[in-house]
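Subject: The structure, and what turned up in it

Hello,

Here is the structure I promised to pass on. Have it open while you read, and my notes follow below.

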Amino acid sequence: MSMVVFGGVFGVAALLWILWPLVKRKGAPATHRRESVRDDIAERTLLLYQELEEIDLEHEQGDLTAEEYASLRETQKQRVLALLQTRQREADALDEAKERGDTNALSDAIEAEILRIRARRRGEQSVPADQVSAAEVPAPATARGMHWLWIGVPVLLVLIAFGGIFQLYRASSRTLTQQTPIAQIDAAVLVGFAYVAPDQVLLANASGLLESRDGGRAWTQSSLDVVPIAMAVSPAGAGFAYVFSESGVHVTADAGRTWQAITGTLPGAEILAAAVNPYLPTEVYASFADVGLQRSRDGGRTWEAVATPDNEAIVAIHMGSIPPLLFIAVESGRVLASSDEGETWRAASGAVTMALRGPVRALTGAPDGRVLYAAAHTGLYMSTSDGQTWVDLPLRKPLVAVTVDPATDRTVLAVTETGEVYRSTDGGIAWRNEQ
């Protein structure tokens with residue numbers, strides 16, 4: 001979608017490039033209307049005007065005596081008059097002026113053109129239109145050639161841009177129609193969905209804790225017989241996961257084969273989201289509805305408060321990158337990031353066209369922080385700049401969960417509101433049910 005938007009902007013810019021010289025030409029004074037006059041005569045006329053102006057400059061600088069100045073100037077003016085007489089439209093005006101004996105009008109026109117040349121050289125404002133003489137010089141052939149260059153190059157660029165947009169649209173349409181889920185799960189009360197090891201996924205919902213050993217296709221009941229209220233899995237894929245329930249906290253270090261109960265008291269009752277430090281499995285973050293964001297450095301035994309902006313409810317947490325970056329999605333829809341364990345926060349929702357749209361419900365990413373994914377009601381988004389910019393991926397469905405295979409950040413699982421599990425092996429472009 002973003003590529004199509006950029007292509008459209010590029011096309012509009014190219015069209016403006018084309019129209020600008022036409023508009024400019026339409027609004028310009030009638031300086032270049034003598035198309036019947038040959039270009040070489042026009043150039044010679046302009047050269048004589050410039051020579052007259054240079055004679056004036058030399059006289060002002062004291063390089064010419066009064067006699068030399070008067071002689072040179074009169075000679076040049078006569079040469080200008082001679083060239084003007086070769087232009088058909090000007091010839092009538094010259095004849096009429098001669099019959100009237102109005103030589104001053106012609107002389108004034110020449111003087112006005114000299115002033116215009118001097119003003120252009122000095123970057124000053126041109127002589128007003130009512131002082132422009134009939135001896136205006138037509139545009140040279142090279143200027144007309146440049147005008148066609150102004151049109152031809154942008155037209156070619158517009159054709160290329162819209163051709164690319166059309167191909168992107170066709171590819172996007174094909175991708176959308178070929179999207180097929182790999183499984184159907186109960187997402188009514190989904191509180192956790194994440195890779196715990198390569199090809200091994202844990203799912204926590206109202207039915208209990210489920211696990212998949214084939215990348216999310218087939219699901220079986222886990223050996224941990226509890227009703228989860230939250231789950232936190234290390235994105236490093238080393239097998240560490242925490243399951244929170246009314247009976248307490250349980251941890252696994254072998255991808256769910258065995259579980260150990262943690263002794264301790266949770267600081268709140270309702271957990272909204274949780275995450276594990278991929279490089280320090282005993283460091284856990286959890287968001288509680290009543291006490292906000294909390295951190296445990298001893299595997300869930302004791303907890304301490306972490307400050308968050310505006311004390312908004314946190315609905316998603318992810319930790320990754322080196323040094324560790326903590327990402328949170330708040331109830332208002334914003335994504336925030338902290339590089340100092342929650343001491344300070346910055347916006348991580350992108351800006352303008354490269355921004356997240358719709359409230360974010362889940363965050364995940366590769367353990368090295370190269371890629372960050374956000375599941376939202378409007379679809380799936382990806383960032384490769386720690387949340388500074390985002391691009392929307394072709395999976396445009398209302399999502400509630402997303403997770404990345406720790407073996408490769410190209411394999412992504414996403415879950416819709418209705419429990420459809422989609423799988424992509426190319427970083428979120430195609431979502432087909434491939435065995």
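Predicted model: local features only at pLDDT ≥ 70, side-chain atom pairs only at ≥ 80, totals over all residues.

β12 and β13 run antiparallel and are joined by 2 bridges.

β2 pairs with β3 (residues 200-205) over 5 bridges, in the antiparallel sense. One of the contacts to look for is alanine 197, which has glutamine 200 in β3 as its bridge partner.

The loop between β2 and β3 holds aspartate 199. Its backbone deserves a look: phi of aspartate 199 is near 65°, a positive value in a residue other than glycine. For background, most residues other than glycine have a negative phi. Aspartate 199 counts as partly exposed, at 37% relative accessibility.

Alanine 255 is another residue to check for its backbone, with a positive phi near 65° although it is not a glycine. Where does alanine 255 sit? It is found in the loop between β8 (248-252) and β9 (260-262). Is alanine 255 buried or exposed? With a relative accessible area of 4%, alanine 255 is buried, the cut-off for buried being under 20%.

Now to the aromatic rings. The structure holds 3 aromatic pairs. One of them is made by phenylalanine 193 and tryptophan 219, a tilted pair with 5.8 Å from centre to centre and 45° between the planes. This pair links distant parts of the chain, since phenylalanine 193 is in strand β2 and tryptophan 219 is in the loop between β4 (208-212) and β5, 26 residues apart. Phenylalanine 193 has 7% relative accessibility, so it counts as buried.

Another pair takes us back to the sheet with β12 and β13. The ring centres of phenylalanine 288 and tryptophan 303 are 6.0 Å apart and their planes stand at 85°, so this pair is edge-to-face. It too links distant parts of the chain: phenylalanine 288 lies in strand β11 (residues 280-288), while tryptophan 303 lies in the loop between β12 (292-296) and β13 (304-305), 15 residues apart. Both phenylalanine 288 and tryptophan 303 are buried. Which residues make up the aromatic cluster here? Phe244, Phe288 and Trp303 form one cluster.

α3 (residues 66-84) has 19 residues and spans 27 Å from its first C-alpha to its last, close to the 27 Å expected at 1.5 Å a residue. Its buried residues are Tyr69, Arg73, Gln76, Lys77, Val80, Leu81, Leu83 and Leu84. Why do they line one face of α3? Seen down the helix axis, the buried residues fall within an arc of 160°, so they line one face.

Finally, the chain as a whole. It has 6 helices and 26 strands. Of its 435 residues, 47% count as buried. Among contacts between residues at least 6 apart in sequence, 50% join residues at least 24 apart. The chain exposes about 21900 Å², and carbon and sulfur atoms supply 56% of that area.

Notes
Residues numbered from 1 in each chain as written. Heavy atoms only, no water. Helix = DSSP H or I, 4+ residues; strand = E, 2+ residues; numbered from the N terminus. Expected span 1.5 Å × (residues − 1). Buried < 20%, exposed > 50% of the residue type's maximum accessible area, 1.4 Å probe, protein only. Arc of directions from axis to C-beta. Pairing = 2+ DSSP bridges. Phe/Tyr/Trp six-rings, centres within 6.5 Å; stacked < 30°, edge-to-face > 60°. Contact = heavy atoms within 4.5 Å. Areas by Shrake-Rupley, 256 points an atom, 1.4 Å probe, with all protein chains shown as cover.
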